[in-house]
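Student: I'd like a close look at a single part of this model, along with whatever surrounds it. Please tell me what you mean by your terms as you go.

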Amino acid sequence: MSQKTRILVVVGALVLVAIVLAVYGFATQKQTAQAPSATPQPGMIHLYVDGAFVANVSSADMQPLPAASFTDKEQGKQQDGRWLRDVVRLYVKENKLSPNSQISVTGTRKGTENKSATVTWAETLNPANNLELSFSNDGQSVKLASTMDKLSTRDQWVQGVTQIDIQTKP
Amino acid sequence: MTTQPARQRYFSTFELILLALFSSLVVVSKIVLHLPLRLPGHSGVFWMAILIVARGLVPKPGALSLVGLTSGLLAAFMGLGDLGPIYTFFSYLASGVAVDLIAMFLGSMDNVVIAGLAGIVGNVAKMLVKLLMAVALQIPAGFVAFGLLYSFITNSVAGLLGGVLGWLILRALRRAGFFAYLAEKR
């Protein structure tokens, strides 16, 4: 087989992969759109209010929200994403929340091991805390990042967010 | 009485040292070099360039798999990546193995088209492994939200740029006489 043919084979394989991904992506998005919003869907962030499932949240749902950004205390890097308070307001009316309402964010830091952090609604509203659902550097997952003392290092942040639980009346 | 010739090792010590250096360079580049882009796979620009240069300097099948394995272990132990060591290890390994296989199939990295294609395949392999693991572990990943085709395109472009960058570095090294120096060392 000549080198030109081999190059064409590789290009053909890449085009085939692109087609498969496009079809799979389209089918997944269609399936997600058709799925009943009352059940948690794999690959989405599951949002619960007072123990009841409310919504499947995706990065796309967060895109229209105002952009958030802060410089982290640990490494001085810029963290971009959306404020946690804005995401919560998308799904819960603010008059149902009290300053003591609790918001627990759970993620999968070690692949299968869960990790979570809990903050109050008052802490979420405090601009100095910079509580943000931040997009990872390659834009492929979401993490909870902040400048709060108890949540200011990468070890304390919640990476690979999978679930948000809101307790309106703690 | 007959004496058996000593079995020659596949990689020389010098080559193993070179591959170890490239493995650490992959990890260091991931920590130190950042492009101000929020595009899936953009780190492949530096990553693939390093892999292509490694393949050019140690043109033996298996060299890049070794770089992928070593850099994956280093990155996993250093806690790189947002989704844990298993996820990190396999994505690093996939890039190395993919560029290795494509180099075996297409041949030398002297050709810019081959280097570019190898970069694309390496970066796309990393993306596919991440996708498979995200699906298997049910981790919410941006692929679904941003679109798989979009991720594929950005990964391909970054891989292509990385491949071409690697080819340019190899060309510069050749012109500087580095390959003659390497031949003496081997």
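**A turn and its surroundings**

Tutor: Let's start with A:D50, which is partly exposed, with 13 other C-beta atoms within 10 Å. On this scale, a residue with 20 or more other C-beta atoms within 10 Å of its own is buried, one with 12 or fewer is exposed, and one in between is partly exposed, the C-beta atoms being placed from the backbone. You are looking at a predicted model, in which local features need pLDDT of at least 70 and side-chain atom pairs count only at pLDDT 80 or more, while totals for chains, interfaces and linings use all residues. Residues are numbered from 1 along each chain as its sequence is written, and chains are lettered from A and ligands numbered from 1 in the order in which they are written.

A:D50 is not a glycine, yet its phi is positive, at about 50°. You will find A:D50 in the loop between strand 1 and strand 2 of chain A. Those strands form a hairpin with two residues between them. Helices (H or I, at least four residues) and strands (E, at least two) are DSSP runs, numbered from the N terminus. Strand 1 and strand 2 of chain A run antiparallel and are joined by five bridges; two strands pair if DSSP finds at least two bridges between them.

A:Y48 stands opposite A:D165 in strand 9 of chain A.

Angles run from 0 to 180 degrees between N-to-C directions, and axes are lines fitted to C-alpha atoms, for helices over the stretch in contact. Residues are in contact if their C-beta atoms, placed from the backbone, lie within 7 Å.

Helix 3 of chain A also lies across strand 4 (78-83), strand 7 and strand 8 of chain A, running at about 20° to strand 4 of chain A. Those strands take us to an open sheet of four strands in chain A, with the order 3-4-7-8 and antiparallel pairing. Strand 3 (67-71) and strand 8 (142-145) of chain A stand at its edges with a single partner strand each, so one side of each is left without a neighbour in the sheet. Here the twist averages 45° from one strand to the next. Strand 7 and strand 8 of chain A run antiparallel with four bridges between them, and A:E132 stands opposite A:A145 in strand 8 of chain A.

A:N130 has a positive phi of about 50° although it is not a glycine, and it sits in the loop between helix 4 (121-125) and strand 7 (132-135) of chain A. A:N130 is buried, with 22 other C-beta atoms within 10 Å.

Finally, the wider setting. Chain A has four helices and nine strands, running α-β-β-α-β-β-α-β-β-α-β-β-β from the N terminus on. Of the 170 residues in chain A, 37% are buried. Among its contacts between residues at least 6 apart in sequence, 51% join residues at least 24 apart.

Technical notes:
Two residues are in contact if their C-beta atoms, placed from the backbone, lie within 7 Å.
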